Amino acid sequence: MGRKVGIEVSIAISEAVKLANADVVAAYPITPQTHIVEHLAELVASGELDAEYIPVESEHSAMSACLGAAATGARAFTATAGQGLELMHEVLYVASSMQLPVVMVVANRALSAPINVWGDHSDMMAVRDTGWVQIVVENGQEAVDNVLCAFCIGEDKRVLLPVMVHIDGFHLTHVVEPIVLPDQADVDDFIPPNEYPLPLDPARPVTMGSFGPPVIYPEIKKRQDVVLRESKEVILENWQRFGEAFGRYYHPVEQYRAEGAKTLLMTMGSTSETAMDAVDRMRDQGMSVGLLKLRLWRPFPFEELLQAVRDADLLVVVDRAISFGGPAGPFCSEVKAALYNQDKKPKVMGFVAGLGGRDIPVGGFEAMVHRGMEIAEKGGGEILETYGVRE
Amino acid sequence: MSTSDEELTWREIEVGAIFTVPGTTADYQTGDWRSQAPSYNFDRCIKCGICQLYCPEGCVGQDEDGYFIADLYWCKGCGICARECPTGVITMVEETE
């Protein structure tokens, strides 16, 4: 089933979009996303992918074109990163609010200034509340698999929401990995046809994106929130279906040697793989340490998180973004908020590390765990605890 | 906005807040906005229809005798018809309510 190839992750993602038989790709190239949309342009130009490729003049237009395409019932894909995601920001809300199921890969990149093309999660955090389903992956295989799942999830009639798949810039986009690319026939079986219920159709006119005065706006927003929350069931269903079809299973909160661990590291994205090595080392030293990797960022998996941390005394949450002047790391503050009203809950220590593509070595995760345990025991600690920043 | 918008619960909103029934601004009672209303002295009217041409709301029609007259459901009381009428048929009168 499928073929295992050594392939750059960006190219593999393009191949996944081809396997998903996208109808429209509208994109603007930006490092580190460039190879994804370059290869898609090649696939369309060579006729391997029968799609419209719209080379727009900006990311704002890229997302707008995808919305137009999705509104006609076409399967639309785009990809961006960092500043590009910022430029399309307002249109992201329009996509989710109008329930247009675009799929977008975000090659996570630090935000300017200073200009920096390397990976961190500043861009992801800035679009946290845009109403998109947001999935975070840690390697190329997960990226390919979740791009395929994203079309199923977004286009499901119970969801009809746009879906972002977050992949760390460079650490994923520019590395060559062994990746299983599924067979076309299996993907065809896995992804149902896109049947948007109310497409733009001259024979059946509808009004999309209408005016929403105070008399109706709160009802529309409440509904939107419920749809996003309830999409979790469809996400779980599709991950289960994917596992049954392809043998690889995904969960909202992935666990690594977490069973019974008193201290749990929490990570998102590619650094999770380094953190696994750190957990191995600490386990070898007899420490009761495990790892939770957040896969589903939106809708936030409250139940799964509570379940995963029920035996832990301490969470050490690693953010690759800063909430300037706020509660330091946005990922950590979400975890804290999710736990706050629980009677029994672990202490939560947040760290900010790996900004602007700075590597977090295995020893870095060990150091954060030790520092977290020290603060949890003796108190102290700063609101913004960083790892690897020169004092 | 229509009456139904005021009664819709969040559960009744369509996918993407799409409207499947075409709306029309004819439902809007723009006459609500008016502070002055046109008053007519048809003795002077030559039925030229200039008031109808100039009305920005498009609310001027003809009565059974062919006189041009604004529909107060939509008339916003802007007074353009009174200003443009070549024979001085129309005067704007303060609304009392």
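**View 1. Gln134(A) is the bridge partner of Arg298(A) in strand β12 of chain A.** The two residues belong to a predicted model, in which local features need pLDDT of at least 70, side-chain atom pairs count only at pLDDT 80 or more, and totals for chains, interfaces and linings use all residues. Residues are numbered from 1 along each chain as its sequence is written, and chains are lettered from A and ligands numbered from 1 in the order in which they are written. Strand β6 (residues 133-136) of chain A runs antiparallel to β12(A), and two bridges join them. Strands here are DSSP runs of E with at least two residues, helices are DSSP runs of H or I with at least four residues, and both are numbered from the N terminus. Two strands pair if DSSP finds at least two bridges between them.

**View 2. Seven strands of chain A form an open sheet with mixed pairing.** The strand order is β3-β2-β4-β5-β7-β6-β12. At the edges are β3 (52-55) and β12 (296-298) of chain A, each pairing on one side only. On average, neighbouring strands of this sheet are turned by 20° against each other, direction ignored. Axes are lines fitted to C-alpha atoms (for helices over the stretch in contact), and angles between N-to-C directions run from 0 to 180 degrees. Helix α7 (residues 140-155) of chain A lies across β5 (103-108), β6 and β7 (163-168) of chain A, and runs at about 170° to β7(A).

**View 3. Strand β1 (residues 3-8) of chain A lies largely in the open.** The number of buried residues among its six is zero. A residue is buried if 20 or more other C-beta atoms lie within 10 Å of its own, exposed if 12 or fewer, and partly exposed in between, with C-beta atoms placed from the backbone. β1(A) runs antiparallel to strand β8 (residues 176-181) of chain A, and six bridges join the two. Lys4(A) has Val180(A) as its bridge partner in β8(A). Gly6(A), also in strand β1 of chain A, is exposed, with 9 other C-beta atoms within 10 Å. Leaving aside neighbours within four places in sequence, Gly6(A) is in contact with Val176(A) and Pro178(A). Contact requires the C-beta atoms of two residues, placed from the backbone, to lie within 7 Å. The C-alpha atoms of Gly6(A) and Val180(A) are separated by 8.9 Å, and these residues are 174 residues apart along the chain.

**View 4. Helices α3 (residues 59-71) and α5 (residues 89-97) of chain A pack at an angle of about 15°.** Their axes are 8 Å apart. The angle makes α3(A) roughly parallel to α5(A); angles under 35 degrees count as roughly parallel, over 145 as roughly antiparallel, 65 to 115 as roughly perpendicular and the rest as oblique. α3(A) passes α5(A) in a left-handed crossing. A crossing is left-handed if the near helix is turned anticlockwise from the far one by less than a right angle, and right-handed if clockwise. From α3(A) the contact takes His60(A), Met63(A), Ser64(A) and Leu67(A), and from α5(A) it takes Val91(A), Leu92(A), Val94(A) and Ala95(A). By class these are six nonpolar, two polar and no charged residues. Ala, Val, Leu, Ile, Met, Phe, Trp, Tyr, Cys and Pro count as nonpolar, Asp, Glu, Lys and Arg as charged, and the others, Gly among them, as polar.

**View 5. Helices α10 (residues 271-284) and α13 (residues 362-378) of chain A pack at an angle of about 60°.** Their axes are 8 Å apart, and α10(A) passes α13(A) in a right-handed crossing. The α10(A) side consists of Thr274(A), Ala275(A), Asp277(A), Ala278(A), Arg281(A) and Met282(A), and the α13(A) side of Val362(A), Phe365(A), Glu366(A) and Val369(A). The contact residues divide into six nonpolar, one polar and three charged.

**View 6. Two peptide bonds in loops of chain A are shown.** Thr31(A) and Pro32(A) are joined by a cis peptide bond, with omega about 0°. Pro32(A) sits in the loop between β2 (24-27) and α2 (34-45) of chain A. The bond from Ala113(A) to Pro114(A) is also cis, with omega near -5°, and Pro114(A) sits in the loop between β5 and α6 (122-126) of chain A.

**View 7. Asn21(A) has a positive phi, near 60°, in a residue other than glycine.** Asn21(A) is in the loop between α1 (9-19) and β2 of chain A. It counts as partly exposed, with 17 C-beta neighbours inside 10 Å.
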